[in-house]
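Dear colleague,

Please find the structure below, followed by an account of what was found in it.

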Amino acid sequence: MLQLSSVTKTYPGGVRALDEIDLAIPAGLFGLLGPNGAGKSTLMRTIATLQAPDAGTITFDGIDVLRDKTALRCVLGYLPQEFGAYPRTSAETMLRHFAALKGLHGPAQKDVVNRLLTLTNLWDERKRSVDTFSGGMKQRYGIAQALLGSPRLLIVDEPTAGLDPAERRRFQNLLVEVGEEIVVILSTHLVDDVAELCPRLAIMGQGRILKTGEPRQLIEELRGRLWACVVPRTEVQDMRADHTVLSCRLKSGLTEARVLSEQQPDGMTAASPTLDDVYFATLLEHGLDANLD
Amino acid sequence: MAWTQTWTERMRAFLDILGFELRTHLSSPLFYVIALLFFLLHLLTITQVGIHLGDNDLIAVNSTWLIFRTELVLGAFGMLPAIIFVVTAITRDHERNTAALFFTTPVPRLSWLLGRFSAGTLAAVLVGFAGSLGSLAGPFMPWVEQSRIGPFDWWPYAVSFGALGLPNLLVFCAFFFSIAALTRSAALSFAAALGLLVLEVVVNGNAGAPVPQWLLLADPFAGLPVAEAGRYWTVSELNSQMPTAFLLPNRVLWLGLAFLALALTCWRYRMDLAQAPFFRRRPRRKAATTAPPIPAEITHSVRFDVGATLLQFRSHLKMDLRCVLQGRFFWLVLLLGVWGTISEVRGATSILIGLPLYPVTSVMLGFFRNALLQFVLLLLIYYSAVLVHRERDCGLAEMTGSAPCPAWIMAASKTIVLCGIVTSLLLVSMLTSIALQAAAGYTDFELGLYLQGVFIYNGFYFYMLCALAVFVQVLSPGKWSGMILLLVVFVALLSLDGLGFEHLLYGFRIPDVVYSDMNGFGHFRLPTYTLIAYWSAFCALLLVLAHLLFPSGYYASLRERLRDARIHIRGPVARTSAVALVVFAGLGAFIFYNTNVLNDYKTRESNLQLRARYELDYGRYRNEPAPSFVDVDLKVELYPEERRLESRGSGVLRNNKHDAIVEFAVALDPRNRVNAMIVEGATPVIQDTAQGFYLFSLASPLQPGGTLTMRWDLERVNQGFVNSAPDNELVANGTFVSSVDIMPVPGYNNEREVTGGDRARFGLPPAARLPALGDPSHLDDLRFGVDSRSTFRVVCGTTADQIAVAPGVLKTEWVENGRRYFEYVVERPIWPHVSLLSARYTVARDDWNGVSLEVYHDAKHPWNVPTMLATARTALEYFSREFSPYPHSYFRILEYPRYRSAAKSFPGTIPYAENIGFMTDLRGWAQLDYATLHELAHQWWGEMAYGARMQGRQVLNETLAQYSTFMVFKQYADPVWLRRILVHTQNGYLEARGSEAVAEQPVLLTEDQGYISYNKAALALFALQELIGAERVHRALRSYLGKFAEKGPPFPTSRDLVAELRAVAGPEYQPLITDLFERIMLYDTSVVAAEARPVGDGYEVTLEVDARQYESNGTGVETEVPLDTWFQIAVFPESDRGVIELTPLYLEHHRLRSGAQRITVRVQEKPGTVAVDPFHLMIDRTPNNNVLNLGRQ
């Protein structure tokens, strides 16, 4: 169980990257949704002991993370949003180096690295230099690195951005397999990933946790309040003036507007709420409506 | 696609890119920092702060010479902005992944390439220009002495920038840009920079005189052409003329190469993301697809104990090592290190006449510091930045930061890898050195000595720099700023000593020491090991700080890291720091105790101040009469292991002047502790022990001819170690002291005065020059006012295993209390100045005509001893026959350690430094030892007859000694040896004229100007001898000896010698004698054309010779005067060897006059070359045109 309480970080210049974050995350996949600039990466880095918050506490399974960084690192796996590798170094060498850093040595080291290479389908490419990998292969290498040493807390930051559908599917399967017994935090701005994988989620914006809960339950809250209709693109602006437009989606070339309202507006039909709607509604609720078009 | 765009479109794109890039450069603080750095560097260098380029006060701070030299010396720094602005212009895109963005725009390839290049080059040029502005601002600085500022002229600054600074920058930018563009690697540009540096070192190191034309082209910085143009320039020329004579071909060549490099880049560079055009490798074979092994049960034990930590550390170390070993830069640097070592060793020759030295390990050790320091600094600047910032630059910082490894692994790993790099460089150099020894046939490698000298005495200093480099990089925000910061730190550290910050406690260096085969590391061992331990503790603290502040994880600001660091100070960190701090403070106290308490700490400046005070306080006693020794009885107890001696004795002083003496000064080297100093019948009025000045007032005046006795009891003690300038005379094995240093000497010691340009600072008037020639008040005056000879008896006690030697016959030798005693008594009165040496000697003996010949040498250096003995026999034979009988019954040569490199002459005794006489490789040389001849000649010229202290006195000692040396070579060796010596002699004179700090004098009036008495005058006398014959010249010398040898005052002057020469030369040679000895004459002869035609059974050769004569003044301003004198005309046979090695078919003196003349001679064989004055007897600044090859005209 990962507990965050009142975690705050202010960057010089007054920007509040984290504003009194309170979270309790049990074992299993936990989704952290939020637009770019919400503070997700800062939070991920803070939990991963790379950044120190100005205030607040973080504990994991009895470890006071802020005080005893090394203890957490022994059970941590972290896949950053952007990462690289030493030039002209093969995937196998890199993984063995990180295995050594994570306390794996000797034959155990070799076994684990081989297993992870197989698991992430990189066995055939293991001798190739990481800087020649395609995007998907690089992500697979990254998750292999994060899984070294059987972590009990796995943090993945924007892992599926840039993967093709098949790779994305594989990655998701991997996460599910791994995430049954350990705490996995999946930080992303892709609502679909969270919808498909996570039994619990939180929505974050402007450094604050805006909403937490289970997807099913959050979706139910919108049932009966969500309406949809097809509008020509030119009339969208007028639509906004009259109703609370959550999103405008393109469906087969036509624009479908989804509207939040207690009563059924004229010309609209009831729509079945999805996690997307929950997401946009939450953001709108807190006055953060970036790029809803 | 490029061709579809019009020229205007391409031009506009080019200008756009140029403008954008330039604005980016100019808006970066880095640009202004580097420009300021350059400005300051030039300013400080040209105004002689720190780096001293020209200590000659006659050379103005804004002289053309100094302007050019400053530009050259700092030229290498120009490579840095070239790399930073130009190389990053190309590699930036690939490092930051913006390449794809640019490459998909329709920008024309050449516009893009040349736009980037031009902007970077412009930025670099602006920085170089800032440097020139610094030079320009030099003369206006308040700390420059007015006397060193000449009339202001902006033209030389413009030429130096335009001909040196600007083209150099263009060449650097073009080369580095091309390499970076074609290889996509910044590291290789660094390697290219290093390569250029090494090329410059090699070219300049191998440039003996004369310099072959092609070598002038090879220097990329154009240092050699400038040096060559000004080689023989005098002070006035150095101040006003520009040394651009040989610059043009060099500049054309290098700019051409730069242009070619750029053209190659334009041709080959492609705007795509494929592999670098130069390194397209074959596609690697795919790894064999084997099925992965499926382990039965995954039981991984995750260990975090101490053993595991070491394994983590080992893995990290492996990664850092891969970074270094994978790069091509490292191997290139090792290669360049080898090359640099070879070049340094090959260029090292004996300082006497450029003979090679035996490749003894002690000699080889001397090269390591100099040869390697610059490579080490460059390697550290580059690799420390790359390694420390590596994780961040590769995008690995977050992954590595979230791994559970202790923080110290990072700092430790980087430091160890850096030390490893340094170690490999040292190892490679050492192996190269050994290989060179083996190649020369010398196999006594003394590996233990190598390891000590290379890794402890030099290596440790470099390891210290590694720790400092890591620390500086930890504080720097990024790779490039880290490099600049470290460069600044290194430059600052190296300048500390020159700026007057000389104390060992803060110098951050292990001073370079001299290893002597005789004395080993000797008294340098204690201070070196102490400093090593001291700085080790400091480096440990540095590394602890580096560890605490290491930028890990998400890159935090320095303030945040400082905050985090406080948390980490516990346990092992605190304990290590505490121990290091205690050791550091403790050793610091010990060092301070040694340098400041046991001994006196004086900076160079305060030393000069003390000497200035001596003159200010006591200068009025300079010309006051003092009595002279007529008998000395000296007893010395030598304790070599303790570096201590006791000096007791008495001397009889006699008043040889014409008036009574009421008071007189006594000088004593202040290093001595005075237990007692008594003058009979006198009381000490002044006793300034710090200055070593005493004034005794006599109870009753000492009448002319009267005597009194002086007694002394002194001690010279060396305790602990000093900050700098240790006592190298009193050592464990190889002590060599002069009697004047260990006993009181009557008179004021004018050699203690401050010399040259330093005088003005202390309020001293310009140095008193030697008394004018013929000044009657000084005809009875030698050194220290000595005016009579003295009998001398020395009893010296030393350890039982050493032999003590002083001039005189060894009367008795005995052992007492486990110590050995020697008694020497001189056979006839001598000048009261003797040498005292003591060491564990091996003695070689020989005999000539009843004279006992002895060579006392170290057992390790036997090679030249037979040659020395043979030379002594030959010279004694010749000198006794030509001049007068040898006055002693013994002749001794004694070896002493290489702390001082000289050979000195005492009565029948010559102390001879180990690295001059005993380690010179004479195998390829005539079987005559140059220095032995010279010093033996001094037994006549200097011992028997010594010039009065006035202008021209050195002629009577040094010139005659040199002349005698030439004559022995002429009589007993193949002519080629003497010819080489003559060429070397004239070159030495001409090169030295530019360093004249007062005014050049004609030979007769020379004021102890070595380049005149050792070189020019000797050449003049020899030229006269070639003309009128040795028989006549030696008759003059015998007559001179007859009048002055062993006689009292009045002592001889240069005029007496010249008068003797005039007496034996006929009337037609008198003008020549005047020209050679009483005026400063230079000649310019050349063979304009020549032809030969067969006549009878031989050939008739006709030469067109042009001859001119110039008279020079003291600063080198010349006016032409009519020429009417004799020159040798020579005809040589056909050969592809130089004329120096050939036997001439014809060699006679001809009388030449100003202008052109035709000379016809007859020879038997076919002539190949003709020459006028082929062997450099007459001073000629352009000797190359004296020789003309008939086939090649």
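**Salt bridges**

Over all chains, a search of the whole structure finds 75 salt bridges, a salt bridge being a side-chain nitrogen of Lys or Arg within 4 Å of a carboxyl oxygen of Asp or Glu. This is a predicted model, in which local features need pLDDT of at least 70 and side-chain atom pairs count only at pLDDT 80 or more, while totals for chains, interfaces and linings use all residues. Residues are numbered from 1 along each chain as its sequence is written, chains are lettered from A and ligands numbered from 1 in the order in which they are written, and side-chain values use heavy atoms, with hydrogens and water left out.

In one of these salt bridges, D277(A) pairs with R258(A), and their closest N and O atoms are 2.8 Å apart. The pair links distant parts of the chain, 19 residues apart: D277(A) belongs to helix α10 (residues 275-285) of chain A and R258(A) to strand β13 (residues 254-260) of chain A. Helices (H or I, at least four residues) and strands (E, at least two) are DSSP runs, numbered from the N terminus. D277(A) is buried, at a relative accessible area of 0%, and R258(A) is buried at 5%; buried means under 20% relative accessible area, exposed over 50%, and partly exposed in between (1.4 Å probe, protein chains only).

R1153(B) and D1124(B) also form a salt bridge (3.8 Å, N to O). R1153(B) in strand β23 (residues 1146-1153) of chain B and D1124(B) in strand β22 (residues 1124-1133) of chain B are 29 residues apart. R1153(B) is partly exposed, with a relative accessible area of 44%, and D1124(B) is partly exposed at 36%. A network of salt bridges links E642(B), R644(B), E646(B), R648(B), D713(B) and E715(B).

**Backbone features**

Most residues other than glycine have a negative phi, and most peptide bonds are trans. D61(A), not a glycine, has a positive phi of about 50° and is found in the loop between β4 (55-60) and β5 (63-64) of chain A. D61(A) is partly exposed, with a relative accessible area of 42%. N817(B) likewise has a positive phi, near 55°, and lies in the loop between β12 (809-816) and β13 (819-825) of chain B. N817(B) is exposed, with a relative accessible area of 78%. The peptide bond between P1049(B) and P1050(B) is cis, with omega about 0°. P1050(B) sits in the loop between α32 (1030-1044) and α33 (1054-1064) of chain B.

Yours sincerely
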